[in-house]
Amino acid sequence: MKNKRARLSASRRAAVLVLVVVAAAALAAGVYLIVAPDGSTESPAANAAELTDPAQEPATPAAVPKVTYGLPVRLIIPRLGVNAAVEKVGLTSRRDMASPSRADTVGWYKFGPRPGNEGSAVIDGHSGYADDREAVFDDLPKLKVGDKVFVKDAKGKRLAFVVRRKVLFGRNADAGEVFGSTKHRRLNLITCTGSFDVAAGTHAKRLVVFTELQPRDGR
């Protein structure tokens, strides 16, 4: 009997040890995802969304709205001649929204809503390279209120958004308005603009184009 009890006690201790190890691993993984999520990139030439905002942390499962649209795969802006592939981007080690890996692609903030769903979906892109290399959002300032922006998702749907306004932010401005929760179905486009800060390796300001889903395309 003593031997049997000893074996049971040892088994319980082993089970508790396994649970502790698993919990510790899960906690470490969660911290890693918040600080530097897998796949995030940062461009020294133009970090397109370096705006201070605690809302840039990954959403918890309870906060994620119902998904009704597929992952975004193409961003189309007829006025600018843009038809760009969409990458998924997260956060840099400094907790800024990461930039797309190429000059001719755009980055969708993967911890926020998908374009077309309720909330503020955010897409960034490069502009103003020092070597005059063309970038996808070079002409973003030319967009006007009322212009159309289209997103094609992985399900083949083409969603139409209408430009509502354009706002210039300082590089370290509060970005709650850009990333914050809302009942509207928004798509916010971000790029660098203004003078280039050599020491910081980026531009002084961020241009944000706020758009909203056209009701007949998004319901």
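1. A residue is called buried when its relative accessible area is under 20%, exposed when that area is over 50%, and partly exposed in between. By that rule strand S4, residues 119-125, is mostly covered, with 7 of its 7 residues buried. The structure discussed here is a predicted model, and every point below should be read with that in mind.

2. Overall make-up. The protein has 3 helices and 8 strands. Along the sequence they follow the pattern α-β-β-β-β-β-β-α-β-β-α. Of the 219 residues, 41% count as buried. The accessible surface comes to about 11700 Å², and carbon and sulfur atoms account for 57% of that surface. Among contacts between residues at least 6 apart in sequence, 67% join residues at least 24 apart.

3. Strand S3 and its partners. Strand S3 covers residues 106-109 and runs antiparallel to S4, to which 3 bridges join it. In this pairing valine 106 stands opposite glycine 125 of S4. S3 also pairs with S2, but here the strands run parallel and are joined by 4 bridges. Glutamate 87 is the residue that stands opposite glycine 107 of S3.

4. The two faces of S3. In a regular strand the side chains alternate between the two faces of the sheet. Which residues of S3 lie on each side, and are they buried or exposed? Val106 and Trp108 are on one side, Gly107 and Tyr109 are on the other, and all of them are buried, so that both faces of S3 are covered.

5. The largest nonpolar core. In soluble globular proteins, nonpolar side chains tend to be buried together. In this model the largest nonpolar core has 25 residues, and the members that touch the most others are Leu75, Ile77, Phe137, Leu143, Val149, Leu187 and Leu189. Strands S1 (72-77), S2 (82-89), S3, S4, S5 (148-153), S6 (158-170), S7 (185-197) and S8 (202-213) each supply at least two residues of this core. Apart from it lies another core of 13 residues, including Ala98, Tyr109, Val122 and Val178.

6. Phenylalanine 137. Leaving aside neighbours within four places in sequence, which residues are in contact with phenylalanine 137? They are Leu75, Ile77, Val106, Ile123, Asp124, Gly125, His126, Ser127, Leu189, Ile190 and Thr191. Leu75, Ile77 and Leu189 were named above, together with Phe137, among the core residues that touch the most other members.

7. Aromatic pairs. The count of aromatic pairs comes to 2. In one of them, the rings of tyrosine 109 and phenylalanine 111 have centres 5.8 Å apart and planes at 80°; planes over 60 degrees apart count as edge-to-face, so this pair is edge-to-face. Tyrosine 109 has 3% relative accessibility and therefore counts as buried.

8. The second pair. Tyrosine 109 also forms an edge-to-face pair with phenylalanine 179, at 5.5 Å centre to centre and with 80° between the planes. This pair links distant parts of the chain, since tyrosine 109 is in strand S3 and phenylalanine 179 is in helix H2 (residues 176-179), 70 residues apart. Why does phenylalanine 179 count as buried? Its relative accessibility is 9%, and the limit for buried is under 20%. Ring pairs link Tyr109, Phe111 and Phe179 into a cluster.

9. Arginines over rings. The charged end of arginine 158 sits over the ring of phenylalanine 150, 4.3 Å from the ring centre. Arginine 165 lies over the face of phenylalanine 210, at 4.2 Å from the centre of that ring.

10. Two arginines in loops. Arginine 171 lies in the loop between S6 and H2. With a relative accessible area of 17%, arginine 171 is buried, because the cut-off is under 20%. Arginine 171 and arginine 206 are 35 residues apart in sequence, and their C-alpha atoms are 6.0 Å apart in space. Arginine 95 lies in the loop between S2 and S3. The relative accessible area of arginine 95 is 34%, so this residue is partly exposed.

11. A backbone angle to check. Most residues other than glycine have a negative phi. Arginine 95 is not a glycine, yet it has a positive phi of about 70°.

Technical notes: Residues are numbered from 1 along each chain as its sequence is written. Side-chain values use heavy atoms; hydrogens and water are left out. Buried means under 20% relative accessible area, exposed over 50%, partly exposed in between (1.4 Å probe, protein chains only). Two strands pair if DSSP finds at least two bridges between them. A nonpolar core is a set of buried Ala, Val, Leu, Ile, Met, Phe, Trp, Tyr and Cys residues joined through side-chain atoms within 4.5 Å. Contact means heavy atoms within 4.5 Å. Rings of Phe, Tyr and Trp (its six-membered ring) pair if their centres lie within 6.5 Å; planes under 30 degrees apart count as stacked, over 60 as edge-to-face and the rest as tilted. A charge sits over a ring if NZ of Lys or CZ of Arg is within 6 Å of the ring centre and within 35 degrees of the ring normal. Accessible areas come from the Shrake-Rupley method with a 1.4 Å probe; for residues, only the protein chains shown count as cover.
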